[in-house]
Amino acid sequence: MSGKIAAIMLGCALLATTAVAKEHPGKEQILKDGYQGPKTCETCHPGKAKEFLGTVHWKHASKVDHVDNLNPNEEHGMKNRIYTMCNGNDIVNNLKEVPPNALGKTKFTGCNTCHPGDHASDVGSTGPQAEQAIDCLICHSSKYDFSKRKPIKDKNGNVVMTQDRSTEAAANIGRPSIKNCMVCHEAAGGGAMIKRGFSMAKDAEVHVTKGIICVDCHQVKNHKFPTGRDPNNWAHDGIYMTCVGECHTSKPHTDADYNRHTDKIACQTCHIPRTGGAFSKDFTKWEKQSNGFYEPSTLKREVNETAPVYAWYNLTVSNTPTFIGPKGSRTDGKSKIYPFKVFQGKAYFNKKNGQLMSMDFAPPISNGDSLAGVASAAKILGIKDYEPVPGWQTIYFGSNHQVTPKNKALTCANCHAVNGVLDFKELGYAAKEIEKLTNPELYFEKLLKLQQEDE
Amino acid sequence: MKKISSVIIVFAIMLAASLTVISTASAETIKITGVISKIEIAADQKSAIAVIKDNKSGESISITIADELTLDKLKDKRILEGDEIRTKFEKEGDKNTSKMFKKTAGC
């Protein structure tokens with residue numbers, strides 16, 4: 001059985017490495033004719049650009065049906081959501097130049113810098129011009145020169161994102177590597193590993209060590225990216241995935257003692273025992289940096305430095321102004337225990353209706369005035385009737401990456417010892433049950449045997 | 001013969017490793033933010049030296065970068081001369097070795 005698992009794992013790894021090594025059949029043609037943007041690709045891959053415009057990576061939104069208090073007919077995502085990891089969205093924080101700070105310095109900022117367009121064709125735009133604006137190479141080239149991708153003002157004074165459209169970059173096409181994906185994913189949330197707190201370095205993650213990359217697990221078809229049910233990653237391309245699928249079954253262990261747990265405990269709970277990154281931010285207080293700009297004050301930890309919080313999750317999401325996190329219970333028959341990274345953020349709420357308000361970061365970045373940021377965002381959104389009051393929001397992020405080596409996965413005593421990682425009471429177990437669940441009888445013989453084998 | 005020399009190399013590496021362990025104990029960790037005025041990637045591509053102008057003191061400091069992830073960002077120009085970065089490095093005699101090297105970013 002474990003031989004079979006090893007074979008499957010090896011299969012996945014081989015799939016990864018052979019695909020990377022293959023040379024792109026279009027290379028000769030591109031070297032000969034040069035690269036004129038997506039239309040060059042479309043001579044051999046017709047329809048790809050139009051197809052891309054319909055995905056989350058272009059729209060930063062989709063219809064969402066598993067989250068409370070949303071209109072199921074409207075689209076939601078980074079385009080228009082408001083939460084306190086980043087207190088705004090693409091609309092209020094549209095890419096722009098901030099007003100000069102006290103030192104007279106200015107810079108470009110905006111959420112939609114993480115969009116593979118040129119800003120003239122922005123998040124969710126459609127039509128032939130948008131099709132030709134897509135930066136295919138940011139995901140597909142292994143020779144992308146990032147000094148060529150930056151916000152600048154064009155001759156009409158509009159802010160545009162430039163791209164590397166060199167023949168050199170276009171001649172080196174393939175499946176996206178971890179690096180291609182991490183261009184945007186690493187710094188989501190305001191800096192490297194801030195939001196997710198996971199590392200995809202070779203020595204940090206068991207799959208990556210074996211050569212498995214993002215798109216081996218996220219098996220993208222027609223630019224639709226499968227995703228999971230992170231309570232704070234709403235937008236999706238209509239395809240869901242979990243750890244169980246092509247590579248793993250729901251009973252993957254040779255040891256039945258582990259398999260008996262998989263109906264009630266998600267794989268991630270035992271296999272991703274740590275998390276990290278920012279755990280709290282205060283958007284009402286911006287700190288002055290040595291360069292004269294301000295940043296929201298942030299408490300953060302290193303990758304793998306924090307313990308997750310465990311909760312029952314039935315894959316539907318509670319969404320109120322002060323809480324966005326998992327719904328579920330021990331008894332609903334659908335929930336499992338998952339690990340979460342809990343984050344708490346302070347921002348302004350509208351006293352008139354209790355809703356969380358968003359902030360345009362341009363004013364506070366240059367002078368620290370967070371209320372000016374709220375006023376600017378309210379103006380952009382056409383909100384007139386408001387009274388900002390500071391308050392806290394708690395949000396739960398899924399902890400779905402950086403699988404730890406198997407000898408560090410949680411084992412019996414990590415949970416069943418009296419001071420184990422699970423708070424059985426909080427999870428809904430009665431005193432009598434807890435007594436049983438924390439009795440060494442459950443694991444003593446087994447761990448003793450393992451200890452003897454080790455000595 | 002080949003085998004012997006590789007054993008010697010391994011021994012040398014171990015020796016070097018143990019020496020670094022001893023000396024890091026006395027090394028000092030410093031954090032600065034500043035603009036990169038120069039990036040030089042070593043001929044063997046295995047390390048780079050970046051010169052940073054510290055925002056606070058105005059002093060220019062040379063920092064050696066050897067971790068793969070940051071090196072990669074220097075090579076494909078995700079981090080450029082003129083960019084402002086935040087770094088944590090270990091000072092040991094004349095040599096400053098980067099422990100963290102990131103672009104500054106708001107949210």
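**View 1. Fold of chain B.** Followed along its sequence, chain B of this predicted model runs in the order α-β-β-β-α-β-β, which amounts to 2 helices and 5 strands, where helices (H or I, at least four residues) and strands (E, at least two) are DSSP runs numbered from the N terminus. Of its 107 residues, 31% count as buried, that is, under 20% relative accessible area with a 1.4 Å probe and protein chains only. Among the contacts (heavy atoms within 4.5 Å) between residues of chain B at least 6 apart in sequence, 47% join residues at least 24 apart.

View 2. A:Asp237 sits in the loop of chain A between α11 (214-217) and α12 (256-259). Although buried, A:Asp237 has no salt bridge, and the nearest side chain of opposite charge, that of A:Lys224, is 6.5 Å away; a salt bridge would require a side-chain nitrogen of Lys or Arg within 4 Å of a carboxyl oxygen of Asp or Glu, and in assigning charge Lys and Arg count as positive, Asp and Glu as negative, with His and the chain ends not counted. A polar atom of the A:Asp237 side chain lies 2.8 Å from the backbone nitrogen of A:Val56. Leaving aside residues up to four places away in sequence, A:Asp237 touches A:Thr55, A:Val56, A:His223, A:Lys224 and A:Phe225.

**View 3. Helix α9 of chain A and the largest cavity.** In α9 (residues 178-185) of chain A, the buried residues are A:Ile178, A:Asn180, A:Cys181, A:Met182 and A:Val183, and their cover includes α7 (136-140), α10 (206-209) and α11 of chain A. A:Met182 also belongs to the lining of the largest cavity, together with A:His185, A:Glu186, A:Ala188, A:Met193, A:Lys195, A:Arg196 and A:Phe198. This cavity holds about 50 Å³ of space, and the whole structure contains 2 cavities of 30 Å³ or more. On a 1 Å grid over the protein atoms alone, a cavity is a set of points where a 1.4 Å probe fits but cannot get out, whereas a pocket is an open set with protein on both sides within 12 Å along at least five of seven lines; lining residues have an atom within 4 Å of a point. Points are joined across faces, edges and corners, and a volume is the space filled by probe spheres set on them.

**View 4. The second largest pocket.** The second largest pocket has a volume of about 620 Å³, and of its 24 lining residues A:Asn80, A:Arg81, A:Ile82, A:Gln355 and A:Leu356 are the closest to its centre. Both β10 (317-320) and α15 (370-381) of chain A supply at least two lining residues each, with α15(A) giving the most, 3 residues.

Residues are numbered from 1 along each chain as its sequence is written, while chains are lettered from A and ligands numbered from 1 in the order in which they are written. In this predicted model local features need pLDDT of at least 70 and side-chain atom pairs count only at pLDDT 80 or more, whereas totals for chains, interfaces and linings use all residues, and side-chain values use heavy atoms, with hydrogens and water left out.

Technical notes
Buried < 20%, exposed > 50% of the residue type's maximum accessible area, 1.4 Å probe, protein only. Polar contact = N/O pair within 3.5 Å; in protein donor to acceptor, adjacent residues only side chain to side chain.
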